[in-house]
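Q: Could you walk me through reading this model? I'd like to start with the metal.

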Amino acid sequence: MTAHVLRPGPVHLLRLATGDDLYREITRYVMASDIRAATLNALGAVSRASLRYYDQSAKRYEDLIIDEPLEVVAAVGNVSLLDGAPFVHLHAAFSAEDGRGFGGHVNDGTIVFALEVHITQLVGEPPVRLPDDCTGLNLWG
Ligand code: ZN
């Protein structure tokens, strides 16, 4: 286990616009605001979800597109550094009209219908993502 101790800083409340790419727009804001460490959550609705599932045996991502209107039941994520730049890591759970549920690692191509995002910027030394041989992922060092 590794541990990083930071303090809560400014809180950013965003409302994304209809048609925004959810992941790209949050990343754009994080970069523009020089947020290097943060926790974030979001809720709302999307017209399409682009997700990834990490195959733990093959150690690679499988892409999954859900091309229908969905509620964003909960999205949770963080910001840390990858290759010296802020990196947004975001997972979300979605529900469809009939209550079916989907979820996963949020990818480019998830299109916002309406979304409220709450980012708590963290003050202190940001965690840095490094390649992890055991999982094949870039994890906090
Ligand atoms: Zn992930």
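A: Donors are N, O and S atoms within 2.8 Å of the metal (3.2 Å for Na, K and Ca), and water is not among the atoms, so sites may look incomplete. This is a predicted model: local features need pLDDT of at least 70, side-chain atom pairs count only at pLDDT 80 or more, and totals for chains, interfaces and linings use all residues. Residues are numbered from 1 along each chain as its sequence is written, and side-chain values use heavy atoms, leaving out hydrogens and water.

Q: How are the donor residues of the zinc ion spaced in sequence?

A: The pattern is H-x1-H-x13-H. His 89 (NE2), His 91 (NE2) and His 105 (ND1) coordinate the zinc ion at 2.0 to 2.1 Å. Strands are DSSP runs of E, at least two residues, numbered from the N terminus. His 91 in β5 and His 105 in β6 (residues 101–106) are 14 residues apart, so this pair links distant parts of the chain.

Q: Is His 105 buried or exposed?

A: Buried means under 20% relative accessible area, exposed over 50%, partly exposed in between (1.4 Å probe, protein chains only). His 105 has 13% relative accessibility, so it counts as buried, while His 91, at 37%, is partly exposed.

Q: Which strands pair with β7?

A: Two strands pair if DSSP finds at least two bridges between them. Strand β1 (residues 7–16) pairs antiparallel with β7 (residues 111–123) over eight bridges, and 10 bridges join β2 (residues 38–55) to β7, also antiparallel. Leu 115 in β7 stands opposite Leu 16 and is the bridge partner of Gly 44.

How values were computed. Helix = DSSP H or I, 4+ residues; strand = E, 2+ residues; numbered from the N terminus.
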